[in-house]
Amino acid sequence: MTEANKKADDFRALHVPGRPFVLFNIWDAGTAKAVAVSGARAIATGSWSVAAANGFRDGEDVPLDLAIDNLARIVRATTLPVTIDIESGYGKTADAAGRTIARTIEAGAIGCNLEDSFPENGKLRDIAEQAERIRQARLAADAAGLRYFINARTDVFFQEPAERHDEAMLVAALERAHAYADAGADGLFAPGLADQAMIARLTRASPLPVNIMVDDRTPGLDRLADAGVARVSHGPRPYLAVMKNLEQLACAAMTT
């Protein structure tokens, strides 16, 4: 695991609050190669994009075997560290989620996103239940001898539209951050949060480096740095942009 641990250590070292690094999320080996030549420091899949590219909906509709095979092809296509968006871990139980993480390690991943909502409806899991899933993921990584980066995603800010984000939601996110850190998580991913002041309050109080996902309301990279963010993801936006461009090129080709 020497090479894998070097990649894992390099990836971990990128998480510096106030100096956010960018993950321009990909969905297959070809897009991994394209992003790698941009000067990217790491490669990250996005579950929504992987699902859409393969004709599935997001929410663990992609068969796990396909997701793992896709991951393995991505790992073989690049020398960069690869982290996988494994949604909620493809398991009804914490033990099953741990076994899923073990499979991602076998396929070459050095980290994952592990979300705390149910894939079928987006509702939040109980904190203790999610902490146990993270604990089992950490045990799987420890058993493999890998310093695997568990990015604990909380979907607190997906429960309400951005204009309804309030103090109670921030408190709830921080409660989860502390529980997840105690369970063995390495980072906190808070998609849906876009208000700079709330992001800054989250980063100051979080025991884990904070990952923010870009959407139309997200502050620019400089402002995210000022807010103390350590990691910025682009989620499904790269896939949507590529597909829109492909559609336009196809339409143009049909009319020439």
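The legends below accompany close-up views of a predicted model.

**View 1. The aromatic pair of Trp27 and Tyr239 in the predicted model.**
The structure holds 4 aromatic pairs, and in the one shown here the ring centres of Trp27 and Tyr239 are 5.1 Å apart while their planes stand at 80°, so the pair is edge-to-face. Trp27 belongs to the loop between strand S1 (21–23) and helix H2 (29–36), whereas Tyr239 belongs to helix H10 (residues 237–254), so the pair ties together parts that are 212 residues apart in sequence. Trp27 counts as buried, with a relative accessibility of 8%, and Tyr239 likewise counts as buried, with a relative accessibility of 10%.

**View 2. The aromatic pair of Trp48 and Tyr239.**
Tyr239 also forms an aromatic pair with Trp48, and this pair is edge-to-face, with 5.8 Å from centre to centre and 70° between the planes. Because Trp48 lies in helix H3 (residues 47–53) and Tyr239 in helix H10, the pair ties together parts that are 191 residues apart in sequence. Trp48 has a relative accessible area of 36% and is therefore partly exposed, while Tyr239, at 10% relative accessibility, counts as buried.

**View 3. An aromatic cluster of phenylalanines.**

**View 4. Helix H4 and what covers its buried residues.**
The buried residues of H4 are Leu64, Ala67, Ile68, Asn70, Leu71, Ala72, Ile74 and Val75. An α-helix has 3.6 residues a turn, so residues three or four places apart point the same way. Among the elements that cover the buried residues of H4 are the helices H2, H3 and H5 (94–106), together with strand S2 (43–44) and strand S3 (82–85).

**View 5. Glu129 in helix H6, shown with Ile43.**
Glu129 is found in helix H6, which runs over residues 127–144, and its relative accessibility of 30% means that Glu129 counts as partly exposed. Between Glu129 and Ile43 there are 29 Å in space, taken from C-alpha to C-alpha, and the two residues are 86 residues apart in sequence.

Notes: Residues numbered from 1 in each chain as written. Predicted model: local features only at pLDDT ≥ 70, side-chain atom pairs only at ≥ 80, totals over all residues. Heavy atoms only, no water. Phe/Tyr/Trp six-rings, centres within 6.5 Å; stacked < 30°, edge-to-face > 60°. Helix = DSSP H or I, 4+ residues; strand = E, 2+ residues; numbered from the N terminus. Buried < 20%, exposed > 50% of the residue type's maximum accessible area, 1.4 Å probe, protein only. Contact = heavy atoms within 4.5 Å.
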